[in-house]
Amino acid sequence: MELLKNSIKVILFFSLTCSAQKTEYLVTNKNDTIYGNKISIKRKNILTDGKNKIEFNLDTISGYYLSKNNYYFERVISPHSRNKNRASIYLIKLTEGRIKLYLYFDGYGTDFQKELYISKNNSELKKIPIGRIKFGLKSTYEEIRPFIEDDSLTVSKLESIDPKKDAFVNLINEYNKRF
């Protein structure tokens, strides 16, 4: 009986320590992953693991995951840049595959804006119009159509989806599964 109690204690200890894994991570340009408890991107970019602080340069990071919002940010060439030596920007990656959707948030309060971007086969990002309150506008549907026109099933579903972010993400994920 004592052996059983000790075994249960050991199992509980390991299950608790394993469930308390580090929750946020950085992906470097060399595809190395660095885990930590919290990422802070401000004047100094810091990843902490409770005891240690690791400073990093954003130029060496291809993406990062923030557990608070369950967002993965990927570095892409900025669609806002006007010159040929384009700066990079981190956008929230919504889909993975042939067609990628990205979301961008900027500003606070009444100046807050959100932007949706789409790319097919790693082409240049194209801004898709979305509403401030209602995500999908008539023009949102019209702008997405050329990206999915090679799949008649997805095109037919486009007309019937709700004008919500998750509906567009699910539609593109279904498309990507077929290709």
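The model is a predicted one, in which local features need pLDDT of at least 70 and side-chain atom pairs count only at pLDDT 80 or more, while totals for chains, interfaces and linings use all residues. Residues are numbered from 1 along each chain as its sequence is written, and side-chain values use heavy atoms, with hydrogens and water left out.

The protein chain holds 4 helices and 11 strands, where helices (H or I, at least four residues) and strands (E, at least two) are DSSP runs numbered from the N terminus. Of its 179 residues, 35% are buried, a word that stands for under 20% relative accessible area with a 1.4 Å probe, protein chains only.

A pocket is an open set of points on a 1 Å grid over the protein atoms alone, where a 1.4 Å probe fits, with protein on both sides within 12 Å along at least five of seven lines, and its lining residues have an atom within 4 Å of a point. A volume is the space filled by probe spheres set on the points, which are joined across faces, edges and corners.

| Pocket | Volume |
|---|---|
| Largest pocket | about 750 Å³ |
| Second largest pocket | about 220 Å³ |

The largest pocket is lined by 23 residues, with Ile41, Tyr64, Leu66, Phe73 and Tyr108 closest to its centre. Strands that give two or more residues to this lining include E3 (38–41) and E6 (61–66).

In the second largest pocket, Val76, Ile77, Asn122, Ser123 and Leu125 lie nearest the centre among 13 lining residues, and E7 supplies the largest share of the lining, 3 residues.

How values were computed: Buried means under 20% relative accessible area, exposed over 50%, partly exposed in between (1.4 Å probe, protein chains only).
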